[in-house]
Amino acid sequence: MALVIVGEGESIESALRRFKRRVQSEDIIRDYKKHTFYLKPGEKRRLKSALARKRNRKKARRNEA
């Protein structure tokens with residue numbers, strides 16, 4: 001859980017920037033998006049392999065050029 005303590009004399013904007021950076025570094029948003037809906041194990045496996053195929057095609061294209 002991201003926790004930011006606002007110091008004395010610190011503006012809310014700078015504390016908000018620090019909070020956003022901490023949330024981003026702890027991957028809280030990515031974890032939230034991953035758990036917003038349920039994927040069956042088979043669907044998860046198919047998605048994972050499809051992403052791997054896409055990544056490999058992209059690497060192969062980069063290596064050709």
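Tutor: A salt bridge is a side-chain nitrogen of Lys or Arg within 4 Å of a carboxyl oxygen of Asp or Glu. This is a predicted model, where local features need pLDDT of at least 70 and side-chain atom pairs count only at pLDDT 80 or more, while totals for chains, interfaces and linings use all residues. Residues are numbered from 1 along each chain as its sequence is written, and side-chain values use heavy atoms, with hydrogens and water left out.

Student: How many salt bridges does a search of the whole structure find?

Tutor: Side chains of opposite charge can pair when their charged atoms come close. Here the search finds 2 salt bridges. One joins the side chains of Glu10 and Arg18, at 3.1 Å from N to O. The other joins those of Asp27 and Arg30, at 3.6 Å from N to O.

Student: Where does Asp27 lie?

Tutor: Helices (H or I, at least four residues) are DSSP runs, numbered from the N terminus. Asp27 sits in the loop between helix 1 (12-25) and helix 2 (28-34).

Student: What is the phi of Asp27?

Tutor: Asp27 is not a glycine, yet its phi is positive, at about 55°.

How values were computed
Helices (H or I, at least four residues) and strands (E, at least two) are DSSP runs, numbered from the N terminus.
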